[in-house]
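Subject: Structure handover

Hello,

Here is the structure I promised to pass on. Please look through it first, then read the notes below.

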Amino acid sequence: MQEHSQPHIPPKVERHHLSVDVSHAVEEAGEHSIAAQVTLPVPGAGPAPRVALCCLPGGFLSKAYFDLEVDGNYEFSFVEYMARRGFA
């Protein structure tokens, strides 16, 4: 029987949030912005990410579709799962 080694999985990830005001480019009154989140493996936990995944929720979905958190638990988060395996 052949054994398969598991990849090294960092203990946690870093979440970085960015919001850009685009009110000047929108004809509707009020404040308008575009937001993004980048989730990365903890620095030094492995090689730097070589692939960046761009996850765009559509319709009525939000970023929570890809980064599901339940009572502080990210066990079901796609972005955390992938970041812990070396993706950005």
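Helices and strands here are DSSP runs, numbered from the N terminus: helices are H or I with at least four residues, strands are E with at least two. With those rules, the protein chain reads β-β-α along the sequence. That is 1 helix and 2 strands.

Two notes on the source. This is a predicted model, in which local features need pLDDT of at least 70 and side-chain atom pairs count only at pLDDT 80 or more, while totals for chains, interfaces and linings use all residues. Residues are numbered from 1 along each chain as its sequence is written, and side-chain values use heavy atoms, with hydrogens and water left out.

The chain as a whole

Burial goes by relative accessible area: buried is under 20%, exposed is over 50%, and partly exposed is in between (1.4 Å probe, protein chains only). The protein chain has 88 residues, and 16% of them are buried. Contact means heavy atoms within 4.5 Å. Take the contacts between residues at least 6 apart in sequence: 54% of them join residues at least 24 apart.

The largest pocket

Rolling a probe the size of a water molecule over the atoms shows where empty space is left. The search uses a 1 Å grid over the protein atoms alone; a pocket is an open set of points where a 1.4 Å probe fits, with protein on both sides within 12 Å along at least five of seven lines. Lining residues have an atom within 4 Å of a point. Grid points are joined across faces, edges and corners, and a volume is the space filled by probe spheres set on the points.

The largest pocket holds about 470 Å³ of space. It is lined by 22 residues, and Gln37, Val38, Leu53, Cys55 and Val79 are the closest to its centre. The largest share, 5 residues, comes from β2. By type, the lining has 17 nonpolar, 3 polar and 2 charged residues.

Strand β2 in detail

Which side chains make polar contacts with that of Gln37? A polar contact is a pair of N or O atoms within 3.5 Å; within protein, one must be able to donate a hydrogen and the other to accept it, and residues adjacent in sequence count only if both atoms are side-chain atoms. Gln37 sits in β2. Its side chain joins that of Lys63 at 2.8 Å and that of Asp67 at 2.9 Å. The side chain of Thr39 also makes a polar contact with that of Gln37, at 3.0 Å. Gln37 and Lys63 are 26 residues apart in sequence, with C-alpha atoms 8.2 Å apart. At 22% relative accessibility, Gln37 is partly exposed.

Val38 is partly exposed, at 40%. Beyond neighbours within four places in sequence, Val38 contacts Glu14, Arg15 and His16.

Is Thr39 buried or exposed? Thr39, also in β2, is buried, at 6% relative accessibility. Leaving aside residues within four places, its contacts include Val13, Val79 and Phe87.

The loops

Ser23 is in the loop between β1 and β2. Its side chain makes a polar contact of 2.6 Å with the side chain of Asp21. A polar atom of the Ser23 side chain also lies 2.8 Å from the backbone nitrogen of His32.

Asp71 is in the loop between β2 and α1. Asp71 is not a glycine, yet its phi is positive, near 50°. Asp71 is exposed, with a relative accessible area of 79%.

The cysteines

A disulfide is a pair of cysteine sulfur atoms within 2.5 Å. The whole structure has 0 disulfides. For Cys54, the nearest cysteine sulfur is that of Cys55, 6.9 Å away. Cys54 is exposed, at 66%. Cys55 is partly exposed, at 27%.

Best wishes

Technical notes. Nonpolar A, V, L, I, M, F, W, Y, C, P; charged D, E, K, R; others polar.
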